[in-house]
Structures are given as structure tokens and as C-alpha cells.
Amino acid sequence: MFFRGKMKSQERNYIADIERYFLGLAGKGLMLSARDYGFIRELGERSVSKEMVIKAIAYGFEQKRQRGAQEPRGLFNLRHEIEDYLRTQSVERESEQTRPKSAAFTRSSIVEQTLKRLDRIIVEERREDIRGRYEELRSRVRKTDGAGPANVYKQFDLLWREFMGDVFSGLSEERKEQITDAALSRLPAEAKLYDEDARRKTLNAFRDEIVCETFGINNVFTMK
């Protein structure tokens with residue numbers, strides 16, 4: 001999309017529009033850093049359209065808010081969320097544009113890689129209860145291989161949330177109460193303004209975060 005050498009008007013407009021959109025959401029008199037501009041240039045060099053970047057930024061802010069995380073101070077702070085969104089959109093476009101056989105192969109490859117990671121984790125996990133949860137998760141992941149054209153990453157996100165819910169439900173009442181209290185303490189002050197659904201999602205996100213920290217659990221769907 002961009003050319004090397006002197007900045008072209010197309011590139012200036014691309015950067016300016018993305019900058020304007022991000023600052024409009026972030027506000028608070030922020031300015032983009034050199035790293036932020038570098039990330040925008042990288043997206044341009046990868047031929048990511050301005051419209052797609054803007055949608056990815058909106059997605060990133062929404063993800064941060066759902067988790068009750070701190071508002072990003074720079075565009076680079078949304079890098080992971082933006083990359084997740086772009087990856088998801090890429091898979092959706094591929095499922096729409098490629099032949100069914102090719103799309104099925106792509107989906108199967110993603111599922112197979114995840115199953116291999118789970119196999120390694122199951123072998124290494126010494127806690128019987130946690131290992132049992134991983135084995136249940138593996139069975140669910142295997143079933144997604146024949147789940148049709150649905151977005152595999154969205155399915156993985158749902159499976160991970162179900163897995164974390166299962167791990168939490170298997171804890172003692174005392175431990176569940178401790179984790180819930182810790183999650184409540186992490187809720188931002190603005191949480192009192194959330195509706196019930198938003199508050200529940202935010203609380204669950206903190207709860208899952210604490211469970212992962214406590215038991216040394218990593219998200220198998222984002223591990224390399």
C-alpha cells in the first residue's frame with residue numbers, strides 16, 4: 001500500500017485518519033508515539049485497509065472495556081487486540097472466498113495444531129483434576145473440526161471461557177469465595193455504571209485471570 005522514500009499523500013491520509021479515530025476514542029489529550037506511528041506504517045505496508053484498521057481499533061477498545069482493563073495510552077497498546085481482529089477477519093474471508101475443500105483444510109490445520117498443544121499439556125499436567133478438565137477441552141476442540149463454516153477463533157474463545165468456568169466450578173467453596181472477592185476488588189470504579197451483563201462479563205474476566213495466575217494456566221488457543 002505504501003511506497004518507500006518520500007511520504008505520499010495516500011500514506012499521510014492513511015496515518016492521519018487512523019490517528020484521528022484512535023485519539024477520538026482515547027481522548028484525554030493524548031499524542032501518538034513514534035512506536036504508534038511505526039505500527040500504523042507496518043499495517044499499511046501489510047496492505048491492511050484503513051477501514052479494517054479502524055474496525056480493529058474499535059474492537060480493541062471494546063475488548064479492553066469488557067475485561068475492565070485500563071484504557072490504552074497508545075495505539076501500540078492495542079496491538080494484540082488489533083492482530084486478533086485481523087486474524088479473525090482473515091479466516092472469515094478465506095472461508096468465504098476459497099473452495100470448500102481448501103477452507104476445510106485450513107480449519108483442520110488450526111484445530112490439529114491446537115490439539116497437539118493440548119496433548120503436550122495433558123502429558124505434563126500432574127494435577128489430576130486440572131488434567132481431567134484439559135481432556136474434556138480436548139474432546140470439545142476435536143468436535144469443532146467438523147463444525148462447518150463457523151469461525152474457528154470465535155468457537156475457541158467460547159470453549160476457553162467454558163473451560164475456565166469448569167475449572168472454577170471444581171474448586172472448593174472457600175477457594176471460589178476467595179477468588180470472587182479478589183475479582184471484585186479489581187473492578188474499576190466505573191463498574192457501578194455498567195449494566196448487569198457488562199458487569200458480569202467484566203467480573204468473570206477478572207475471575208478467570210486470577211484462576212490462571214493461581215494455578216499457572218495458559219490459554220491453549222493463544223500459545224505458540
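Which pattern does the protein follow when read along the sequence? In this predicted model, the pattern is α-α-α-α-α-α-α-α-α. Of the 224 residues in the protein, 36% are buried. Contacts between residues at least 6 apart in sequence were also examined, and 67% of these join residues at least 24 apart.

The buried nonpolar residues were considered next. In soluble globular proteins, nonpolar side chains tend to be buried together. The largest nonpolar core in the model has 31 residues, and the members that touch the most others are Y134, L137, V141, W160 and I217. At least two residues of this core are supplied by each of α5 (100-124), α6 (128-143), α7 (152-169), α8 (173-186) and α9 (196-215). The largest share, eight residues, comes from α7. Another core, of 21 residues, lies apart from the largest one, and its members include Y14, I15, I18 and F22. When neighbours within four places in sequence are left aside, V141 is in contact with V111, T114, L115, L118, F156, L159 and F221.

Two helix pairs involving α9 were then described. The axes of α7 and α9 come within 10 Å and cross at roughly 65 degrees. Because angles from 65 to 115 degrees count as roughly perpendicular, α7 and α9 are roughly perpendicular to each other. The crossing of α7 past α9 is left-handed. On the α7 side, the contact is made by W160, M164, G165, V167 and F168, and on the α9 side by R207, D208, V211 and C212. By residue class, the contact of α7 with α9 consists of six nonpolar, one polar and two charged residues.

For α8 and α9, the axes come within 8 Å and cross at roughly 120 degrees. This angle makes α8 oblique to α9. Here the crossing is right-handed. The α8 residues in the contact are R175, I179, A182, A183, L184 and R186, while α9 contributes R199, L203, F206, R207, E209, I210, V211, E213, T214 and F215. Nine residues of the contact of α8 with α9 are nonpolar, one is polar and six are charged.

P72 is found in the loop between α3 (50-66) and α4 (79-97). The relative accessible area of P72 is 4%, and residues under 20% count as buried, so P72 is buried. Leaving aside neighbours within four places in sequence, P72 is in contact with F22, A26, L30, F61, K64, N77 and L78. Of these contacts of P72, F22 is also a member of the core of 21 residues. P72 and L25 are 47 residues apart in sequence, and their C-alpha atoms are 9.8 Å apart in space.

The other loop residue, S47, lies between α2 (34-45) and α3. Most residues other than glycine have a negative phi. S47 is not a glycine, yet S47 has a positive phi of about 65 degrees.

Conventions: Residues are numbered from 1 along each chain as its sequence is written. This is a predicted model: local features need pLDDT of at least 70, side-chain atom pairs count only at pLDDT 80 or more; totals for chains, interfaces and linings use all residues. Side-chain values use heavy atoms; hydrogens and water are left out. A nonpolar core is a set of buried Ala, Val, Leu, Ile, Met, Phe, Trp, Tyr and Cys residues joined through side-chain atoms within 4.5 Å. Buried means under 20% relative accessible area, exposed over 50%, partly exposed in between (1.4 Å probe, protein chains only). Helices (H or I, at least four residues) and strands (E, at least two) are DSSP runs, numbered from the N terminus. Contact means heavy atoms within 4.5 Å. Axes are lines fitted to C-alpha atoms, for helices over the stretch in contact, and angles run from 0 to 180 degrees between N-to-C directions. Angles under 35 degrees count as roughly parallel, over 145 as roughly antiparallel, 65 to 115 as roughly perpendicular and the rest as oblique. A crossing is left-handed if the near helix is turned anticlockwise from the far one by less than a right angle, and right-handed if clockwise. Ala, Val, Leu, Ile, Met, Phe, Trp, Tyr, Cys and Pro count as nonpolar, Asp, Glu, Lys and Arg as charged, and the others, Gly among them, as polar.
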